[in-house]
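Subject: Structure handover

Hello,

Please find the structure below. My notes on it follow.

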Amino acid sequence: MRFIIVTGMSGAGKSAAVEALEDVGIYCVDNIPPALIPKIAHLGTNGQEPSGIDRVALVIDARGLRGKLGSADCLKELMDALAELDREKVSYKILFLDAATEELINRYKITRRPHPLMGRSDSLNRAICQERELLNEVKERADIVLDTTLLSASQLRSNIHELFRSDDPSKDDFVVNCISFGFKFGVPADADLMFDVRCLPNPFYDPQLRPKTGLDKEVQDYVLDSAKTQGFLKRLYDLIDYMVPLYRYDEHKSQLVIAIGCTGGKHRSVTLTLQLAQYLKKQGLRVIVSHRDIEKKKL
């Protein structure tokens with residue numbers, strides 16, 4: 001039996017992720033105390049697992065940890081549980097769902113549901129910041145970090161399906177996360193490989209293309225109809241072909257994050273991220289795509 005530890009920020013989409021995991025045949029247990037993780041895992045290692053269940057997702061978040069918030073070892077119970085899984089050589093992966101603080105605030109305003117830590121904070125913003133600090137160590141240990149800031153419910157479901165669709169235990173869960181971003185908004189901290197495409201033709205200077213994004217064909221045609229761009233893509237594909245097996249098989253990574261950045265994250269980076277994702281999918285790889293800054297306003 002294989003296990004997925006699902007955790008992350010409240011409001012980042014764990015409920016939708018659980019529904020998507022159930023869609024692909026994964027048995028889900030929501031909001032369990034961390035101390036129970038090894039006990040459930042032991043059922044899968046001593047022949048007592050329920051018939052027909054080979055993958056289980058265990059959801060752990062601030063709801064189960066809030067009673068310890070403020071203590072020096074608020075995550076000790078969870079980290080101890082993960083350490084026991086490691087000692088027992090139990091196969092598991094950690095999926096961490098995240099989203100920008102502004103987006104989380106907006107989601108809570110829309111749903112009007114209370115944040116799990118509101119009882120200990122004087123504002124929603126502070127509660128979210130406390131939760132982010134609380135879960136930071138878990139995020140650092142995560143095998144897959146999925147940013148849902150710009151994902152619709154259907155896009156999140158599609159990404160989860162892509163990540164965990166296989167029911168064959170002999171297959172790994174390697175996925176490539178392709179991210180577009182704008183340098184003016186900062187670089188992605190979790191990128192394994194990062195490429196700067198600010199040297200390529202910029203649609204921003206065409207008044208008709210400026211309001212559009214790399215999701216529009218007109219912008220894609222403008223960016224791709226350049227010898228510089230085609231030369232970049234050829235060399236990019238060659239490098240990716242060489243690097244992916246090193247990360248996948250030599251480093252045994254579950255997720256490879258490739259970030260492509262331009263100035264504002266709306267035109268060139270989006271276009272080339274889509275091209276790279278399409279290329280990787282043709283290689284038979286699982287790919288998820290996110291455009292971090294495509295909707296951000298100009299600074």
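**Strand β3 and the sheet**

Ile 5 stands opposite Leu 58 in β3. That strand covers residues 55–59; strands and helices here are DSSP runs, numbered from the N terminus (E, at least two residues, for strands; H or I, at least four, for helices). Before going further: this is a predicted model, in which local features need pLDDT of at least 70 and side-chain atom pairs count only at pLDDT 80 or more, while totals for chains, interfaces and linings use all residues. Residues are numbered from 1 along each chain as its sequence is written, and side-chain values use heavy atoms, with hydrogens and water left out.

Strand β1 (residues 2–8) pairs with β3 in the parallel sense over five bridges; two strands count as paired if DSSP finds at least two bridges between them. Strand β2 (residues 27–29) also pairs with β3 in the parallel sense, over three bridges. The bridge partner of Val 29 in β3 is Leu 58.

How many residues of β3 are buried? Five of its five are, where buried means under 20% relative accessible area, exposed over 50% and partly exposed in between, with a 1.4 Å probe and protein chains only. Both faces of the strand are covered: Arg 55, Ala 57 and Val 59 lie on one side, Val 56 and Leu 58 on the other.

These strands belong to an open sheet of five with parallel pairing, in the order β2-β3-β1-β4-β5. Its edge strands are β2 and β5 (144–147), each of which pairs on one side only. On average, neighbouring strands of this sheet are turned by 20 degrees against each other, direction ignored. β4 and β5 run parallel and are joined by four bridges, with Leu 95 opposite Ile 144 in β5. Helix α7 (residues 153–164) packs on the sheet and touches β1, β3, β4 and β5, and its direction makes about 165 degrees with that of β5. A contact means heavy atoms within 4.5 Å; axes are lines fitted to C-alpha atoms, for helices over the stretch in contact, and angles run from 0 to 180 degrees between N-to-C directions.

**Asp 98**

Asp 98 is in strand β4 (residues 92–98). Why does Asp 98 count as buried? Because its relative accessibility is 7%. Its side chain makes a polar contact with the side chain of Arg 132, at 2.9 Å. A polar contact is a pair of N or O atoms within 3.5 Å; within protein, one must be able to donate a hydrogen and the other to accept it, and residues adjacent in sequence count only if both atoms are side-chain atoms.

A search of the whole structure finds three aromatic pairs. One of them, Tyr 237 with Tyr 279, is stacked, at 4.0 Å centre to centre and 5 degrees between the planes. Rings of Phe, Tyr and Trp (its six-membered ring) pair if their centres lie within 6.5 Å; planes under 30 degrees apart count as stacked, over 60 as edge-to-face and the rest as tilted. The pair links distant parts of the chain, with Tyr 237 in helix α9 (residues 227–250) and Tyr 279 in helix α10 (residues 268–282), 42 residues apart. Both tyrosines, Tyr 237 and Tyr 279, are buried.

The charged end of Arg 198 sits over the ring of Phe 183, 3.8 Å from its centre. This term requires NZ of Lys or CZ of Arg within 6 Å of the ring centre and within 35 degrees of the ring normal. Arg 210 lies over the face of Phe 204, 4.5 Å from the ring centre.

Regards
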